[in-house]
Amino acid sequence: MKQAIANRLQASIAVKEAILRDETLLHHISEVAEAITNSLKADHKILFCGNGGSAADAQHLAAEFSGRFYKDRTPLYAEALHCNSSYMTAVGNDYGYEQVYARILRGIGRPGDVLIGISTSGNSANILEAMKVAKAQGMIVVSMTGQTGGKMAAGSDYLLNMPSTDTPRIQEAHITVGHIICEIVENNLFPG
């Protein structure tokens, strides 16, 4: 048991060490932080979407922006799109689950807003549909995925593809990278 625990911790550490060695990914993390900073400075929104554990990650990261991270500061407009269960079940029933994020973006997405889609496979149909709508509306599209980026890679302005194919390790890396972005954005907007 103790060895199994140590092995999982080492696997998680190995993914983070791989991120440290990936200059392209580090550059993209920096670019995403700047894009979010600029969007929020211009009074735009940061909108997150995901499924299952990635929906939980979307909600977690949206809360870091809209609540606070390290600093007691003005709230920032960030929202996880799945939090209205009546909406999700109605649209899923009436239009199909692949439309749940795309439909809401048609109503609230504006040019300059940022959509952050989170999917370990990069192949979630409802996120791919949301990305199409976001691009058509002039939004900035960020994808947080696993190693290959899946189908989401092609539709992204910024691809944050974690160097792993193991779902739990990808999700752990998503939260780590998301926290780093939150900290950079918070420091950019609220220096001192």
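Student: How does helix 1 pass helix 7, in a left-handed or a right-handed crossing?

Tutor: Helix 1 passes helix 7 in a right-handed crossing. Keep in mind that this is a predicted model.

Student: At what angle do the axes of helix 1 and helix 7 cross?

Tutor: Find the two helices first. Helix 1 covers residues 2-21, and helix 7 covers residues 167-189. Their axes cross at roughly 50 degrees and come within 10 Å. Angles under 35 degrees count as roughly parallel, and 65 to 115 as roughly perpendicular. Helix 1 is therefore oblique to helix 7.

Student: Which residues of helix 1 and helix 7 meet?

Tutor: On the helix 1 side, look for Arg8, Ala11, Ser12, Val15, Lys16 and Ile19. Their partners in helix 7 are Arg169, Glu172, Ala173, Thr176 and Val177. By class, this contact has five nonpolar, two polar and four charged residues.

Student: Now helix 3. At what angle do helix 3 and helix 7 pack?

Tutor: Helix 3 spans residues 53-66. Helix 3 and helix 7 pack at about 15 degrees, and their axes are 10 Å apart. Apply the cut-off again: under 35 degrees counts as roughly parallel. So helix 3 and helix 7 are roughly parallel to each other. The crossing of helix 3 with helix 7 is right-handed.

Student: Which residues of helix 3 meet helix 7?

Tutor: Helix 3 brings Gly53, Ser54, Asp57, His60, Leu61, Glu64 and Phe65.

Student: How many disulfides does the structure hold?

Tutor: A disulfide needs two cysteine sulfur atoms within 2.5 Å. The structure holds zero disulfides. Take cysteine 49: the nearest cysteine sulfur belongs to cysteine 83, 12 Å away. Cysteine 83 is likewise in no disulfide, and its nearest cysteine sulfur is that of cysteine 49.

Student: Is cysteine 49 buried or exposed?

Tutor: Relative accessible area under 20% counts as buried. Cysteine 49 has 0%, so cysteine 49 is buried. Cysteine 83 is at 45%, which means partly exposed.

Student: Where is aspartate 43 found?

Tutor: Look in the loop between helix 2 (23-41) and strand 1 (46-50). Aspartate 43 has a relative accessible area of 70%, so aspartate 43 is exposed.

Technical notes. Residues numbered from 1 in each chain as written. Predicted model: local features only at pLDDT ≥ 70, side-chain atom pairs only at ≥ 80, totals over all residues. Heavy atoms only, no water. Buried < 20%, exposed > 50% of the residue type's maximum accessible area, 1.4 Å probe, protein only. Axes fitted to C-alpha atoms, helices over the stretch in contact; angles between N-to-C directions. Helix = DSSP H or I, 4+ residues; strand = E, 2+ residues; numbered from the N terminus. Parallel < 35°, antiparallel > 145°, perpendicular 65-115°, else oblique. Left-handed = near helix turned anticlockwise from the far one by under 90°. Contact = heavy atoms within 4.5 Å. Nonpolar A, V, L, I, M, F, W, Y, C, P; charged D, E, K, R; others polar.
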